[in-house]
Amino acid sequence: MNAGVRTRRLASGLLGRAAGGGSVLFVSASITFIALHIMPGDPVMAMLGGPTADPSPAAIAAARHEYGLDRPLAVQYGLYLWRLLHGDLGVSFSQHMRVAAVLREQAGPTIVLTLSALAASWIVALLSVLVTTRRNRWLDGAAASVETVGASLPHFWLGIVLLWVFAFRLQWLPPAGNSLAALILPTVSLAIPLGGFIGRVTRDSFAAALDQPFVLSARTRGLSDWQVRVLHVLRHAVLPGLGLSAWAVAALLGNAVVVETIFSRRGIGRQLFEAVSMQDMPLASGIVLFVTCLYVIASLLIEMLSALIDPRLQGARR
Amino acid sequence: MRAEHRGRAARLAVLSALVAVAGCHRPRTSVASKGPLRGGTLVYATDREPICLDPHVAGDMPQVFVAEQYLDRLVSMDRDGHIRPWLASSWDISPDGRSYTFHLRHDVSFTDGTPLTAEAVRANLDQMRDPHTQSTTAGGYIRQYVGTDVLDAHTAVVHLSRPYAAFLEVLAQGFLGIESPRALARSRDDNCQSPVGSGPFRIVRWDHQSDIVFARNPDYHRAPPTARHQGPAYLDGIVWKFIPEPQVRFASLQAGELDVIDNLPPEDELPAAKNPELRLLVADRPGNPTHGMLDTRRAPFNDIRVREAFVCSADIDGALSSVFFGRYRRAGGPLSPTTPFYSPDFEHAKDYDPLRADRLLDEAGWRRGPDGIRERHGVRLVVEIPERASLAPADRTLWEQVQATARQTGFDVRLEPMSDTQANQRVADWDDDVALGYWNTNTADVLRIVFGSAFLGRTGIGGHHQNNSGFSDPAYDRIMEAALETRDAARRRVLYHQAQAIISSRYLQITTYPQTTRLAIRSDVHGVRIEPSLGVTSLYDAWLSR
Amino acid sequence: MSQSLLAGRRWGDARQGRPAWLLPLVADPGAMLAACFLVWLVATAMAPALFTARDPIAIAPRAAFLPPDWAHPFGTDASGRDILARIIWGTRSSLLIGVLSTGLALGVAIVIGTFGALGGRLAERCVARLLEVLFSFPTLILSLLFAPSLGSGTRSLVLAVGIGSIAGYGRLVFGQMRSVREAGYVEAARVLGHPAWRTICVQIVPNAMRPLLVTATMGVGQTIVWASTLSFLGLGAPPPAAEWGTMLVMGRDYIAQAWWLTFFPGLFIVLTSLSTTVLGRALQRTLAAGGR
Amino acid sequence: MSGQALQVERLGVSFGGRDGPRQVVREVSFTIPPGRTVALVGGSGSGKSVTARSLVGLAGPGAAVSAARLNYGGRDLLSLSEAGWRAVRGREIGFVLQDALVSLDPLRPVGDEIVEAMRVHGWGNRVTRHQRMLDLLARVRVPEPELRARQRPGELSGGLRQRALIASALALEPGLVIADEPTTALDAGVQAQVVALLREIRSRGTSLLVISHDLGLVARLADEVVVLQDGGVVEQGPVRRILEQPSHPYTRALLGAGRRGSRAAARAQLGAPLLIADRLDKRFVGPDHQARLAVDGVSFSLQRGQTIGIVGESGSGKTTLARLALGLEQPDGGEVRLPDMLWASSTRRVPERRRRGRRREIGVIWQDPLSSFDPRWTVGRILADALTAAGLPRAAHEARVAELLRQVQLAAGLADEHPARLSGGQRQRVAIARAVASRPRIIVCDEPVSALDAQVQGQVLDLLSGLQREFGLAYLFISHDLRVIRQMSDEVMVMQRGQVVERGPTGTVFGHPAHPFTRQLLEAASLL
C-alpha cells in the first residue's frame, strides 16, 4: 500500500466519520427538541416561579418573546437548528447564563469523573483478566464470577451503599465535595459495573486469544506465560472491550446524571436533570449535544486507538 | 401580604416575622461570655441553589437566603412585627395611603462604591416592575406601584395606585432588597451572576453547583435594629455550599466539613440532637400549614360529608410519629400556631375518627363494595392525589399512610407521581381531588388568598388559581375584606376567629404539620440568627470559637 | 462410531429424563442455582401469598423502622410494613417490567432489524445509520428526556426502558440478520430452489433469533436494574404498590438510619440481574457447543 | 550448528477429562541423530502433533507426559522446570507450526516476532538483533527483507509468511527444528519452495522432525518415517522401505490415498450438453478500489455423465466460476445456458423466479458442508428440506431420506443427529445426499474433499464416482489438488487469474502439459 492510497483512505475515512458524527448530532438535537416540546407543562411558568407565583401577563409575554416561544413550532425548530449550525447554543432559561458558559463551568467535573471511571474500570478489568484467566481453574472461575456480579450491580444502588459504608459509617471518605478524595466513591460506583462488564468481555476474548496458534508459536520461541500474556495475547484481547468503550463513555456520561445527584457532585449530569425538570430547552439540548459530541470524539479516538493496536482495521472500514 | 410558593420551595420556604424558637438550644454561656471572636470563614450548606443571585428576578426562597447576606432593605421588621428603619431612616405616609416618602440615610454606599440615593430606590423599584426582569415575587408584591419621584438625593416619594397597608411589610422582605443601581444597569443575566448590595458581606465568586463565596464588607455600619451588634460582621467570609442530598449534607456536617446546614430532614434530627457537637435551631413558620387541599368542585368532595369522612379517616398523628419520628407537631387548624390571630379552638376538629367517617359515608350513600372500597351508583369512591416529583420522601410516606388509613374507611386513594409541571397543571385544571401544598406568610390574611373567591380565577396565561379548594362564600369574603381594612387588633381577632371557624367547619383541607425552619449548627459556631421578616438565616452576627 | 455416539446421547437423555438442552445447566452448578432462583421468583410473582403471610400494604406506624429480626427478617419501612413481604409482593411487577420491556424492545428491534437486513440496500443503510445514532444516545438521557412526558407508573417504566433498549437489540438483530443472510445454508436453500420468503421465515429469522434468546435472558435482568434507575428519576410505580425500584428510591433518604430499606430491595435486583446473566451465559455456552 | 541427538523412548501422553484420563499417545519411541530428518506421519487424530509438542514441553494444559527416556543432547528433558523448558525452546529446539497466518501474531510485524525469539533468550542487542533478523529473512529467501520485516502476516503471501515463521524458529540456530505440517495450507507451488527451504536447512546439519499427513513431502525430506495411528506407532523405519514396502495396512492405506490413479477412459460415450457456459466474465472490486476480472472469458460445455475438473491455485477464480454456473452470481459478460433455457446472462437479467423451478436439476457440494446446514436442523430435517424443495410430497419423505442415507453409506439412525456432531466425512456424505435428493443431472463440487483426511478423501471420491455411474450425473469438479482432479475428471481446465490457460482431456493435460503454469503445478505436486 503506498502512502498516497493510505492518505486518501484516511481522509475519506475521516470525512465519513465527520458526516456520521454530524448526523448523530442532528438526530440528537432533534430528539431533544421533540422531547422537550411534548413535555406537559409550560416552560414559561416553570421559568417564572412555579404554580403560586403571580406573574403578570406582561411578564409572561415578555419571557415568551425573549426566548422565541411565541413563534410557530416549525419556526422554532428551524431557528434552533440554524443557531446550532452557527455554534450558538443559546441562553439558558433557568440559569440566566449562556449555555456555552454553563458547559464551560460544569463539563470539567463530569469529564473528569467519566474518564476516571473509564480508566478505573479498564485497570480493574485488565488486572483481573491478566492475572487470573486460565491461570488456575478456581482462580479463573472466581474472578469471572466477581466480574459477573460486578456487571450486575446497579450503579445507583452501589453508589448509595458505598456512600453509606464509606462516608456515613466508616467516614473514610468525604460524602460530597469536589476534592480528589471525593472523586473516589463516585468513580468506584461507576467503575465497578463497567469494569465487570469489560472484564467479562475481555476475559472471553483473552481466553480465545490464548487458544490461537500464534500463542503456541510464541511459547515455542521460549516466551514465558507472563510474556505471552502481556506481549501477545493482551493486544488481541483488548480489542472487543475497546470497541465497546465508546458506548461505555456515552453510558457513563448518562449515568453521571444519577451519580452526580447521589454524591451531590457538580457536573452536567445533574445540570441536565435540573434543566429537564425546568423544561430549559436550550440548556438541556446544549448538554445533550455536548454529550453526543463527546461520544463522537470518544468513538473517533477509540477507533484510532483500535487501528493502532490492530492495523488490519484501518482498511476494513468503508 | 403576599404569599410564597409552595411548589418548588418544597423544603425551603418562608419563615415568618414572628419566629417561635422552639427546641432552640442556647449557645453555651461559658464560651459566649468571652465575647464574639472576629475572623474565620463559616461553611454553610443548603439544598437548593438559586438560579439567579438577584432576588428581584423570578423570586425563589434560595435567593432570599443569599440576599440576606449581601443586601439591605429600605425598612426592617422586628420580632413583634413592627416596621423599623434601615436604609430609610424615616418615612411619611400620605393621608390617602397612596404616597410613601422615604428619607434615606446619607452615609450608605454599595460595595462597588456607588452611593445610596433616591435614584437608586427608583431604579430598584422600576426594575422589579419591568416585565423583562421576570420578577414574579418582588414584582408581584408591588403591583400597586406607579412610580417614584426623586425629591432630592436622599428623599424618594413612591406612588401607589391604591392604598396598600402591607407595603412596608413587603419592603422589609429580602425579595425587595436594594441593589447598586450601577450593577442593575447591566443586563439582567449579568446581574444575576454578580449582583452588588450594601450588606454585611459581598459576593466574591459563584461556582455554579458548588458554592458562593462571600467576603466581609469592612465598611458595614448600619445593621438593622434586629441585629445583635453593630459594625462589620465578625466573620471574614462565608462559603455557601449547595449539597442537595440531605443525608450527604448531614454526614458532611457530622464529619466537620460544614459549620451550619439548613433543612435538616426529620430522620436526622434524633442523631443530631444526640450529637454533643451539634445544636439544632428549629422554628415553626406561620401561615397555612402543610396540607392536602380538597377539591370541592367535583365529586366526591363536592359533598361535605365525604370531605369530613376523608379528614376523619386519615391518621395524621400516626404518620407524624413514624415518618417524622415524633419530632413534628400536628397542625389541626387552618392557621399554624405561630400565625398572628391564630386560635387553638380548631386544633382537634379533624382528629382521626374512623367510626365517624364510616357513619358519614353510610349517610352519604356510599356503600362498601366487595374489595372494601365504597361505591355509590356504581361509582367507586376514588380520590386522586397528584404527587409532584419534588415532594420530600417523608411527605410521600405520610400520604401513603393517609392512603392506607383512608382505605380502611373505604376510600380508594390514588397517589399519582408525576413531574412538578404536570402536577401543577392538574391542579390548575381542577383535575384532582387533593392538592398538596403549604402557604407560608406572616399574616392571617393568608386565609383570604387560600380560600377567597377572588383567587379562584386563573392568573396569567396558563397560570394558576391560588384557591385550590374551589371554596366560594360571599359572607366569608366579606369577613376577610373587613379584616384588611381595620387597624383595630381586637376587631381583627374576632374577624379572623370567624374565618377560622368557617374554614374548619367546611372540611376544606387535611392539615398535617406546620412548616418549620430547621438548622443544625456545630457547637463552635455562635450567633447564627433567624431573620424575622422572612425567617431566613442571617450570618451577620455569627462568629466562630475556634 | 456414529452408532455409539447416538447411543450415548440416548442413554444420557434417559438417565436425566430431561431434554438435552437442560444438560449443560445440570452440569453447571452456578447456572443451576441461578435457574432455581429465577424459578422461585416466577413462583413468587404468580402466587406471592404462598411465600409470606404479611400484608405488603397495610401500615403499622408504631412498628416503623424496625431493624431486621426474626419477626421481620428484612426489617420494616417508614410505615411499619414488612420489607420482605413487600419484596415478595413486588416481584410480580418487577419481573413484569423486565419481561415486558425486553419483549417490547425485542419486538421493535426485530421489525427494524429485519426490515433493514432484508428490505434492500437503501433500507439497510438507513437502518444502520438510525441504529448507530440511537446507540450513541445515552439510554439514561433518552429516558430522562421522555420521562416527564410518559408520566409515572409501570406502563411508563415499560415504555421508557423498552424504548431505551431498542437500539442495543436492534443492532444485534440487524447484525445477526445480515450475517445469517450470508450464511452457507441460506445459499444452500437458494440452490435447492426454495423461494426467498420461505428462506426468510424458515431459516433467516429463526437462526438470527437464536443468540437473541441469550441476550433477552440477560436483558430481563438488565432492564430490572434499569427500571430501578428510572424510579430514581421519578418514573416509579405509584404507591402503595410494592415495586423494588420504588422501594429502593423511597428508602434512600433513610440510608444512614435504616439501611435495610434500601439494601434488601437492591439485593433482590442484583440477584435477579445476576441470575439472568449467569443463566444467559450458560445458554450461550450450550448454543455455542452446537445442537440444542 | 551443533547437531545433537534427540532420543524418545516409550513416550506417552494422556489428558485428564471428566471421564478419566484419555491416552492420546502411547509407547512412541524414535531417535533423531544429529543432522538427520525423521517424519511423523498419520491421519488426523493420530497423535502426531501432540507427540511433537510434548518434545518442547507444550503438550497442552492438563496433559500428562511420561517417557522412559526423553533426552536431547544427553540432557533429560522430562526433569526440566518450566524455566528450563523455556531455555530449550527456541534456543535448542525450534518449532514451526502450520499456517503462518495464524501462527505468527497477526497484529505484529513479522520482524518483531523473529527479534523476539532472540530477545527472550538475551541474544545480542537491539542493533545486532535487527541485523540478524534481516540476515535470517534473507537466508530463508524472503525478498526485500527490510520491507517485509515491517509487514504483518496478513500483508504477506502464504509462502513469505511461512518463511518468516521458519526464520523465527531458526533465529538462534537450534540443533533441532520441529516442523508441524509446514506446508499444509499452502498452494502447490509454494509448498515446493518451502520444501526446498527445509531441505536446505537440513543440508546445513540441523536435525529435522517433520510432522505431516502428506507422504509426498515426507518422501522428499525424511530419512526415517514413524507412522502413527490412534496414538501408537504402527510402523517405523527408513523412508525408502516404508514408502516402497509398507508392511502395515494403515500405511498402505495412507499411501493409497496419495497414489490415486487417473480416470482411465471411464466413459466411452458422453451425452448431450446439459450446461453451457459461454465466455463468462465476472468483475470484482478489490480493497484497493480496482476492478479485476475474477473470471475472464471462460467457456465450457458439460455433458451428461461427464466430469469437468477445474484446477488452479487459490484466487484463480474457480469458486466464482462455480457460483456463476449455479446462477448465484450475475455474470458481467457472457451467459450460462441449460439446453432449453437461458440460465444466466449478462445482457438479459434472468429472474430468480424462473430459475427456481429448475434449480433441482443442479446440485452443489461445498468445501465446508457444516456451514451449509442450518445449525438447528438434524440430518433428516436437512434432507427433508431438500425433498420439499424438489416437490416431493411430505408422506414420501421418510422413505426417501432413508434411501438417500443408504446411498451415501450412512447409518439410518444418523437422521436424528445434528451435523455438528458428525465427523467431516459423514458431513460431506450428508451434503452429497442432499445434493442428489432432488435427482439432479448436474452437481457442482467445490473442493468437496479438501477438508478431509487422505483416507476419507478416497472414500468420498469413490462415493461420488459410484453415484455418477449410477445416475449418469455430470460433475463440475473444482479442486486445487491435482491428484483428485486427475482421478475424477474426464476433461480438465487449468485456471490462472481468472483465465483458462490450458484445457483438454485429463490424460493429455497431465501427460503432456502445454502451458508452463500447468507444468509448474504438476512439478510442485511431484506428478511430473
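This dialogue walks through a few features of a predicted model.

Reader: What should I know about the numbering and the model before I start?

Author: Residues count from 1 along each chain as its sequence is written, while chains are lettered from A and ligands numbered from 1 in the order in which they are written. The model is predicted, so to speak of local features takes pLDDT of at least 70, side-chain atom pairs count only at pLDDT 80 or more, and totals for chains, interfaces and linings use all residues.

Reader: How many residues of chain C are in contact with chain D?

Author: Two residues are in contact if their C-beta atoms, placed from the backbone, lie within 7 Å. Here 21 residues of chain C are in contact with 24 residues of chain D.

Reader: Which elements of chain C give two or more residues to that side?

Author: Elements are DSSP runs numbered from the N terminus: helices (H or I) have at least four residues, strands (E) at least two. On chain C, they are α1 (2–16), α8 (184–192) and α9 (196–235). The largest share, 7 residues, comes from α8(C).

Reader: How do the residues of that side of chain C divide?

Author: Ala, Val, Leu, Ile, Met, Phe, Trp, Tyr, Cys and Pro count as nonpolar, Asp, Glu, Lys and Arg as charged, and the others, Gly among them, as polar. The side of chain C that touches chain D has 9 nonpolar, 9 polar and 3 charged residues.

Reader: In what order do the 3 strands of the open sheet in chain B run?

Author: Strands pair if DSSP finds at least two bridges between them. The order is β20-β14-β21, with antiparallel pairing. β20 (434–440) and β21 (509–511) of chain B are the edge strands, each pairing on one side only.

Reader: Is S264(A) buried or exposed?

Author: Count other C-beta atoms, placed from the backbone, within 10 Å of the residue's own: 20 or more is buried, 12 or fewer exposed, and in between partly exposed. S264(A) counts as buried because it has 28 C-beta neighbours inside 10 Å. S264(A) has a positive phi of about 50° although it is not a glycine.

Reader: What about R141(D)?

Author: R141(D) has 15 other C-beta atoms within 10 Å, so it is partly exposed. Its phi is positive, about 65°.
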